[in-house]
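Me: Got a model here I'd like to walk through with you. Can we go piece by piece?

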Amino acid sequence: MLPRYHTVKQSGEHEITIQKSRFIAHLKRAETENEAVEFIQTIKKQNWNATHNCSAYLIGEHDQIQKANDDGEPSGTAGVPILEVLKKRKLKDTVVVVTRYFGGIKLGAGGLIRAYGKATSEGLDAVGIVERKLSQVIHAKFDYTWLGKIEKELRASDYKIKEIHYLDIVEVETYVDESQVQSFREWMIELTNGQCTLEQGEMLYLEQDYTRE
């Protein structure tokens, strides 16, 4: 599992118009090639009357699966520019379909490359990008008398609460960076004067919004 990587925040679409042609970028997270292919087929069915439905996807920890399809546009002018934007943004597990409704004005090879690239880039900005960071989930269990103090301190810290379970005692699940597990343990013990039990849970990805610098 990668320590961290970037991918699209959510599924969505974004439309731009260039020289009277409509370019609609459809974006989705896909962790397998089957998911990507199914998404492409769905968009093609929904936009069966479009001039083109060009696509690309990038899947795998090491980008093992890469595909680009021009869907009738001149070779290399649609699918590849879409894929190149995904690579430039260093995204993983992402599929994009750019639907084009021809507006009557030919763009030429260079114009098509720029148009499909722009549609993809603006589409990514519209749906958002997240950083997925591999984190250790720590389970802290303590008496209800500590709840107010601990929840307040956690929410004021850089740690992110995953979930709170209100049982016979309180159990708080918190995302903790692997490098901070020991310091988190010491901090929690100090906060509660040693009156809490701490257990390590599974390794999960914590998602946080990512903005390009």
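Me: What order do the strands of the open sheet come in?
Reply: Five strands form it, in the order β2-β3-β6-β4-β5, with antiparallel pairing. Strands here are DSSP runs of E with at least two residues, helices are runs of H or I with at least four, and both are numbered from the N terminus. Two strands pair if DSSP finds at least two bridges between them.

Me: Before we go on, what kind of model is this, and which residues count?
Reply: It's a predicted model, where local features need pLDDT of at least 70 and side-chain atom pairs count only at pLDDT 80 or more, while totals for chains, interfaces and linings use all residues. Residues are numbered from 1 along each chain as its sequence is written, and side-chain values use heavy atoms, with hydrogens and water left out.

Me: How many bridges between β2 and β3?
Reply: Seven, in the antiparallel sense. T17 stands opposite R22 in β3.

Me: And what's in the loop between those two?
Reply: K20 is there. With 62% relative accessibility, K20 counts as exposed. The cut-offs are over 50% relative accessible area for exposed, under 20% for buried, and partly exposed in between (1.4 Å probe, protein chains only).

Me: What does K20 contact, leaving aside neighbours within four places in sequence?
Reply: Y101, G103 and I105, where contact means heavy atoms within 4.5 Å. K20 and F102 are 82 residues apart along the chain, yet their C-alpha atoms are separated by 7.4 Å.

Me: Switching to β4. How many of its residues are buried?
Reply: Eight of the eight, so β4 is largely enclosed by the rest of the structure. Both faces are covered: H52, C54, A56 and L58 are buried on one side, and N53, S55, Y57 and I59 on the other.

Me: What does it pair with?
Reply: β4 pairs with β6 over seven bridges, antiparallel, and H52 has R100 as its bridge partner in β6. β4 also pairs with β5 over five bridges, again antiparallel. In that pairing A56 stands opposite A68, and I59 is partnered with I65.

Me: Which residue takes a positive phi in the hairpin of β4 and β5?
Reply: G60, near 110°, in a hairpin that has five residues between the strands.

Me: Which α1 residues are buried?
Reply: A36, F39, I40 and I43. They cover an arc of only 100° around the axis, going by the directions from the helix axis to the C-beta atoms, which puts them on the same side of α1. The covering includes β3, β4 and β6. On the face turned away from that buried side are the exposed residues N34, E38 and K45.

Me: What about α3, which strands does it lie across?
Reply: β2, β3, β4 and β6, and α3 runs at about 140° to β2. I113 is in that helix and counts as partly exposed, at 39% relative accessibility. Apart from residues up to four places away in sequence, I113 touches G76, T77 and P81.

Me: Last one. Which residues have the most contacts inside the largest nonpolar core?
Reply: F23, I82, V98, Y116 and L124, in a core of 25 residues. A nonpolar core is a set of buried Ala, Val, Leu, Ile, Met, Phe, Trp, Tyr and Cys residues joined through side-chain atoms within 4.5 Å. α3 gives the largest share, six residues. There's also a second, separate core of 18 residues, including L154, I164, M188 and L198.

Notes: Axes are lines fitted to C-alpha atoms, for helices over the stretch in contact, and angles run from 0 to 180 degrees between N-to-C directions.
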